[in-house]
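Have the sequence and the 3D view ready, and let's walk through them together.

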Amino acid sequence: MNHYSYIALIPLLPLATFVILGLFGRKYFKSFSGVIGVTALLITALLSLQTAYYYFFIDGKVNGVYQKIIALQYTWLQFSPNVSIDLGIILDPISVMMLVVVSFVSLMVHIFSLGYMKGEERFATYYAFLSLFTFSMLGLVISTNIFQIYMFWELVGVSSYLLIGYYYDKPSAVAASKKAFIVTRFADLGFLIGILILSFYAQTLDFETLITRLTDTQSTYFLGISSATFVGASVLTWGLTLVFIGGAGKSAMFPLHIWLPDAMEGPTPVSALIHAATMVVAGVYLVARLFPIFSVDEFALQIVTYVGLASAFIAAIIACTQTDIKRVLAYSTMSQIGYMMFALGVAKQGGEEGLGYMGSMFHLFTHAFFKSLLFLGAGAVIHLVHSNDMKDMGGLRKLMPITHFSFLIACLAIAGIPPFAGFFSKEEILLAAFNANKLVYGVALFTSGLTAFYMFRLYYSIFWSKEAHVHSHHHGEGTWSMKLPLIILGIMAAVAGFIPFSHFVTTDGAALETHINYAFSAAPVLFGVLGILLATVLYKNANAKPDAVANTFGGLYRSAYRKFYIDELYLFITKKIVFNLIGRPAAWIDKNIVDGCMNLLATITAKISELIKGVQSGKVQNYALYFFGGIVALAVLFIYVWK
Amino acid sequence: MNEVPITHILFVSTALFFIGMYGLFTRRNMITMLMAIELILNSVNINFIAFNKYLYPEKLDGIFFSIFIITIAAAEAAVAIAIIINLYRSHHSIDVEDAGELKY
């Protein structure tokens with residue numbers, strides 16, 4: 001497998017870019033640093049594509065089944081003969097697929113940023129952070145063991161924090177970056193405990209060994225972890241649930257999603273890369289990576305299903321009411337990731353039953369293209385209008401034809417209208433849900449209608465609605481560096497669905513035959529079209545109908561507009577309960593008891609030294625006298641007392 | 001003729017020791033204190049020589065020790081006088097009472 005060793009370059013090139021731009025960028029490269037970032041990433045993307053080509057078409061397949069290939073493995077920290085932390089590169093269908101997605105979307109975002117971020121004071125720093133993120137994300141997807149994935153997991157968290165807080169002179173951006181970091185960090189605590197539980201019982205950190213040991217129901221490892229119980233559930237369930245909490249935090253699943261809408265404070269291309277296409281699907285990727293273990297534990301899978309479903313549904317409702325275009329897209333991302341999650345939840349290991357897994361990965365793949373396209377399109381719009389609010393937009397279709405057209409394609413794709421990419425992947429997910437659980441299917445179907453509705457609400461509000469008020473200093477649609485990614489991603493969003501994905505990515509590596517069942521497709525497409533029609537009626541031209549509808553729904557509308565008061569709930573819990581009941585007593589103990597003990601000790605020492613300091617009179621002869629007196633006393637003692 | 005008994009010699013050395021001690025404790029002049037220390041050291045030398053001669057006449061250990069002490073006393077006097085000169089330069093006095101900056 002030596003001809004795979006060049007894969008190490010895929011993550012290392014962005015790392016090198018980060019180091020070079022981070023250290024020297026602002027001083028020596030300035031606006032040239034964008035070109036450096038793009039060049040490095042272009043090479044990375046080409047290497048990823050080549051890897052994918054080799055893996056999928058030349059030597060990944062053995063007897064019709066895709067193998068896991070360990071391209072590189074090296075022991076990093078050896079604690080004892082049995083325990084070591086390794087660094088390595090794993091190639092299997094999902095990691096190769098993610099390599100392509102991450103490097104491709106990152107390349108598009110790098111190119112787009114050339115125009116979007118032009119003239120920024122910290123242009124080089126921006127590219128340095130972007131490279132750091134790309135490095136971490138690529139490292140995450142090729143991790144061979146659960147500890148390596150955890151390290152890169154934290155690294156993407158840090159780079160996300162840095163990029164959200166990029167405009168650090170804006171208090172809201174600083175608050176948003178802190179919120180994102182703290183919430184995901186809190187979830188990562190669960191992940192860490194989950195890692196410790198799973199690896200303790202399986203006695204390994206390596207993914208493959210871990211999966212083999214914990215899925216073989218006869219092995220001692222499996223019996224150990226499934227027979228031990230804690231608060232009514234087996235330790236296996238606990239371990240998997242905790243790992244899933246980590247994934248849910250990163251993937252903005254309900255109720256840990258609160259950081260994602262606020263994360264929109266970052267530059268828009270960053271939102272396209274991190275908070276739409278790559279980092280937020282890390283949770284899905286994690287569950288998919290450990291899917292064989294999840295599939296032996298029914299309860300953990302149920303949690304994945306219902307958390308995913310709840311996120312998909314709630315986010316879709318909230319998205320219908322928001323007016324900040326990036327927040328609409330953020331909730332839409334959350335909703336689509338919810339789809340991926342519950343698709344994993346309804347899947348089973350192997351064969352036809354693994355359709356949900358394949359659908360989830362397929363949706364991850366297509367979603368990366370159309371959602372990053374939507375964000376980049378929104379970025380282009382914001383670049384022109386200088387506002388995030390849809391009230392300031394409208395009628396932009398004539399001013400920015402390319403953005404308009406690509407945005408329309410992305411909206412059709414996410415709404416699940418054939419023949420665009422989203423239709424195919426959503427189809428597989430809905431079919432898997434239909435086969436497994438009718439309730440999940442029903443909610444998912446309704447959500448897909450909602451998705452179409454809010455996406456077209458967004459589309460009409462930006463591009464139709466009213467006449468554009470012409471800016472006196474109108475600078476056009478943007479440079480070619482901004483249009484080119486839109487065109488490329490538009491093409492991908494239109495055709496990515498035709499990739500026979502089920503031949504490449506399945507639970508067991510063997511190809512899965514899927515057919516488009518027209519009778520089954522009718523329902524989701526019908527819901528999608530209904531959603532679009534409703535949005536057309538309400539939003540195509542500015543009128544009073546949307547307000548009337550909002551009034552009819554009254555309380556529901558208001559609470560959805562306020563994001564169901566979840567932020568307020570968190571604030572209530574932290575401020576009123578945690579701060580008052582835990583924080584205050586802890587502060588009191590610290591101030592009075594801990595500090596008190598220390599102060600008492602210091603006071604006693606000071607008093608004693610005050611008392612005896614007179615001995616050091618500074619008179620040499622006094623010292624000599626004490627010394628002599630001591631000698632005499634010792635002499636008396638030795639001669640007369642201790643004979 | 002009779003030999004001088006050892007007690008006489010020890011008496012001289014003890015007297016010398018206490019004269020030195022008295023000088024050390026009562027004088028404030030550093031040179032005088034240094035001289036007092038020399039007296040104490042010499043009383044020890046006398047003890048060494050006396051015990052060597054009366055107890056182990058065939059050995060030379062005590063004599064060696066006194067030679068060491070004389071050497072070290074010379075070195076010590078050199079160092080002490082250097083200190084005293086420096087003190088005089090900075091304080092314009094060689095009175096120990098005047099050098100009290102380092103007390104509490």
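This is a predicted model: local features need pLDDT of at least 70, side-chain atom pairs count only at pLDDT 80 or more; totals for chains, interfaces and linings use all residues.

**Starting from one alanine**

A:A310 counts as partly exposed because it has 17 C-beta neighbours inside 10 Å. You'll find A:A310 in helix α14 of chain A, which covers residues 298-319. Now look for A:F553: it sits 243 residues away from A:A310 along the chain, and the C-alpha atoms of the two are separated by 21 Å.

Next, the inside of the structure. In soluble globular proteins, nonpolar side chains tend to be buried together. Here, the largest nonpolar core has 205 residues. Among those with the most contacts inside this core are A:V284, A:V287, A:L344 and A:M361. Which helix gives the most to this core? That would be helix α16 of chain A, residues 355-385, with 19 residues.

Let's zoom in on A:L344. Which residues is A:L344 in contact with, leaving aside its neighbours within four places in sequence? The list includes A:V284 and A:V287, both of which are also named for having the most contacts inside the core. A:L344 also touches A:A288, A:F291, A:V304, A:G356, A:Y357 and A:S360.

Chain A has strands to look at too. Strand β3 (residues 69-78) and strand β4 (residues 84-91) of chain A run antiparallel, and eight bridges join them. Together, β3(A) and β4(A) make a hairpin, with five residues between the two strands.

Now turn to chain B. What elements does chain B have? Three helices and zero strands, so reading from the N terminus gives α-α-α. Its C-alpha trace spans about 55 × 25 × 25 Å along the principal axes. A compact globule of 104 residues would have a radius of gyration near 13 Å, but chain B has 17 Å. Buried residues make up 7% of the 104 residues in chain B. As for contacts in chain B with a separation of 6 or more, 46% are between residues 24 or more positions apart.

Finally, see where the two chains meet. Chain A brings ten residues to the contact, and chain B brings nine. On the side of chain A that touches chain B, four residues are nonpolar, four are polar and two are charged.

Technical notes. Residues are numbered from 1 along each chain as its sequence is written. Chains are lettered from A and ligands numbered from 1 in the order in which they are written. A nonpolar core is a set of buried Ala, Val, Leu, Ile, Met, Phe, Trp, Tyr and Cys residues joined through C-beta atoms within 7 Å. A residue is buried if 20 or more other C-beta atoms lie within 10 Å of its own, exposed if 12 or fewer, and partly exposed in between; C-beta atoms are placed from the backbone. Helices (H or I, at least four residues) and strands (E, at least two) are DSSP runs, numbered from the N terminus. Two residues are in contact if their C-beta atoms, placed from the backbone, lie within 7 Å. Two strands pair if DSSP finds at least two bridges between them. Ala, Val, Leu, Ile, Met, Phe, Trp, Tyr, Cys and Pro count as nonpolar, Asp, Glu, Lys and Arg as charged, and the others, Gly among them, as polar. The radius of gyration is taken over C-alpha atoms; the globule rule is 2.2 Å times the number of residues to the power 0.38.
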